[in-house]
Amino acid sequence: MLHCVSLRKSPVNRVLFFLLALLFFTFLTPCLYAAPVLCTGYSWQTVLERDDRTLTYSFDTTGGYAVEGYLSESLDEVFAAIPQWRDVIRRSLDSWGSAADISFVEVPDSGDAFGAFGAQGALRFTAHPLYQAFAHAKVSPPTGTVEETTGLSMWGDVHYNSHNLDAGEWDASSLQNTTTHELGHALGIVAHNLDPGSALFWLGGVAEPSEHDFADIRALYFPQNEPAPILTDPLIDRPRDWVALVDGSADARATLTVTKDGSVLTSGEQKTGIKGVGASLADENYGFDYVDLTLEAGGRIATDGHNAYGIGAGDFNAITVDGFISTEGFSADGVALMGRSNSLRTGIASLIRTAGAGANGIFVGGEQDAVGNYYGNAVLAAGRIETSGAGGCGIYAAGFSSVALSGSILTLGSHAAGIGSDQYGSQHIAVEQTAAIETRGHDAYGVLIRGGEQCLGHAGGDHHRRGEKLRHLWLLVRCQRYRDRWNDPYCGARSNGGACRRE
Ligand SMILES: [Zn+2]
Ligand SMILES: [Zn+2]
């Protein structure tokens, strides 16, 4: 709460309000519930292979085209106060393009309705009125598809609010930060993170993508390693390098046990300890499916590279962790439940430790199928989780998920959260009486609840913040049932634009 009150009283509150308002950067996507890095299955890779690593872009300088129930507005008019607005946008394009080896080539805007088949460029920039958002962007197309497959052209399009939320008028700095942020989405980094240095930081933006962001974009476009050997033996009982698991099935589940003498030790970027057979995080099968996986007490998984998870799970897995998992790199979650219908249990003697910026102990994803059904993930965390990177959550809950913490979480990084939740989807978070959450970094949260459909239930446990013991320090809580008890109305209103609106 202090955090929020200080926003109102701070002499730099305009800057902070700007950053907070960036929270409302939204993105149009059919796959809202994504791993912190990305939504597996989305990148421009197929288009880039076809078009020799070139993506076209265009500026709507005419206006008057149909876009989401509005008529688009000319960027020349919207950015009238920034004569060099084209160069500002090109700078953001080039900085992401240098990391993803993408050449962006400007073409004339085709003047079609936005989203219409055949509309050019591949990334179209326009403006229309937006509620409580600076801009939004559509993610890249599902990997393996091109426009001819999907019949749609809105992939990667960026729409600015025709009126800057803060000042009413755009300036070069807010345009730069906004564009860099939205292009992260447009290139496939679907979800926000809690690392304040990242362009995809949930509360703000930066002019240039950070090393963390570059590592994330490489994970989508550049598999960094030789493929992991496919493991058919159901036991790992000695130290070994990374492994890929072939999916089981609903009728014949696969099993893998890492015994007390076993360990998986990897060195290198994207070198996830135990994963599926896909090469890149943009592949749907990067995580394994239908596996019963056990990490026994004494067993160990350790990775040292960026985007190298301890365990990368897809769908329908049952995972038990009684051993030790540690990761070092950016976005390298200890256990990433990237897909749906997983259950994860950590035992009281287990330890999951991450060190990189934006690296969560446990990431709980989830997804929606084509007709809108949700398939939840469930986590029962009785063990110990420690994160030390900026924005590293003990547990990050996204999608439709259920998290119960009875163990303990320690976060050392700034802007971290013991338990963080996504602004999309629906999460139920239970903090049991035996649970303990301690945050030592500045601007860190015990439990951070962001969206309009989360519920914090059965709140108990202790939260220590910088040595000061506080009970029930829940920031930005949005839960109708509990709001009278734990919601800070000011923060809640702020965090939801006053209207619980989700985009
Ligand atoms: Zn965003
Ligand atoms: Zn739009």
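# A guided tour of the predicted chain

The chain has 10 helices and 39 strands, where helices (H or I, at least four residues) and strands (E, at least two) are DSSP runs numbered from the N terminus. This is a predicted model, in which local features need pLDDT of at least 70, side-chain atom pairs count only at pLDDT 80 or more, and totals for chains, interfaces and linings use all residues. Residues are numbered from 1 along each chain as its sequence is written, while chains are lettered from A and ligands numbered from 1 in the order in which they are written.

**The whole chain**

Begin with the entire chain displayed. Of its 503 residues, 56% count as buried; a residue is buried if 20 or more other C-beta atoms lie within 10 Å of its own, exposed if 12 or fewer, and partly exposed in between, with C-beta atoms placed from the backbone. Among the contacts with a separation of 6 or more, 77% are accounted for by residues 24 or more positions apart. Two residues are in contact if their C-beta atoms, placed from the backbone, lie within 7 Å.

**Helices α5 and α8**

Select helix α5 (residues 85–100) together with helix α8 (residues 211–221). Their axes come within 9 Å and cross at roughly 55 degrees; axes are lines fitted to C-alpha atoms, for helices over the stretch in contact, and angles run from 0 to 180 degrees between N-to-C directions. That angle makes α5 oblique to α8, because angles under 35 degrees count as roughly parallel, over 145 as roughly antiparallel, 65 to 115 as roughly perpendicular and the rest as oblique. The crossing of α5 past α8 is right-handed: a crossing is left-handed if the near helix is turned anticlockwise from the far one by less than a right angle, and right-handed if clockwise.

Next, show the side chains at this contact. On α5 the residues are W96, A99 and A100, and on α8 they are F214, I217, R218 and Y221. They divide into 6 nonpolar, no polar and 1 charged; Ala, Val, Leu, Ile, Met, Phe, Trp, Tyr, Cys and Pro count as nonpolar, Asp, Glu, Lys and Arg as charged, and the others, Gly among them, as polar.

Keep α8 selected. It is mostly covered, with 9 of its 11 residues buried. Among the buried residues of α8 are H212, D213, D216 and R218. The elements covering them include α3 (45–50), α5 and α7 (172–186).

Move to strand β13 (residues 254–258). It runs parallel to strand β10 (residues 235–236), to which 2 bridges join it; two strands pair if DSSP finds at least two bridges between them. Here I236 stands opposite V258. A further 5 bridges join β13 to strand β16 (residues 291–295), also in parallel, and A254 has V291 as its bridge partner there.

Strand β28 (residues 384–387) runs parallel to β31 and is joined to it by 4 bridges, with R384 partnered by S408. Strand β34 (residues 436–439) pairs with β31 over 4 bridges, again in the parallel sense, and E438 of β34 stands opposite L410.

**Individual residues**

Select A135, in strand β7 (residues 135–138). A135 is buried, with 26 other C-beta atoms within 10 Å. Its C-alpha atom is separated by 5.5 Å from that of H159, 24 residues apart along the chain.

Continue to A113, in the loop between β5 (103–106) and β6 (123–128). Because it has 14 other C-beta atoms within 10 Å, A113 is partly exposed. Not counting residues up to four places away in sequence, A113 touches Y65 and A66; the C-alpha atoms of A113 and V67, 46 residues apart along the chain, are separated by 6.4 Å.

G121 is found in the loop between β5 and β6 as well. A cis peptide bond joins Q120 and G121, with omega about -5 degrees.

**Positive phi angles**

Finish with two loop residues. R53, in the loop between α3 and β2 (54–59), has phi near 55 degrees, a positive value in a residue other than glycine. R53 counts as partly exposed, with 16 C-beta neighbours inside 10 Å. F316, in the loop between β18 (311–313) and β19 (318–321), has a positive phi of about 60 degrees although it is not a glycine. Is F316 buried or exposed? F316 is buried, with 20 other C-beta atoms within 10 Å.
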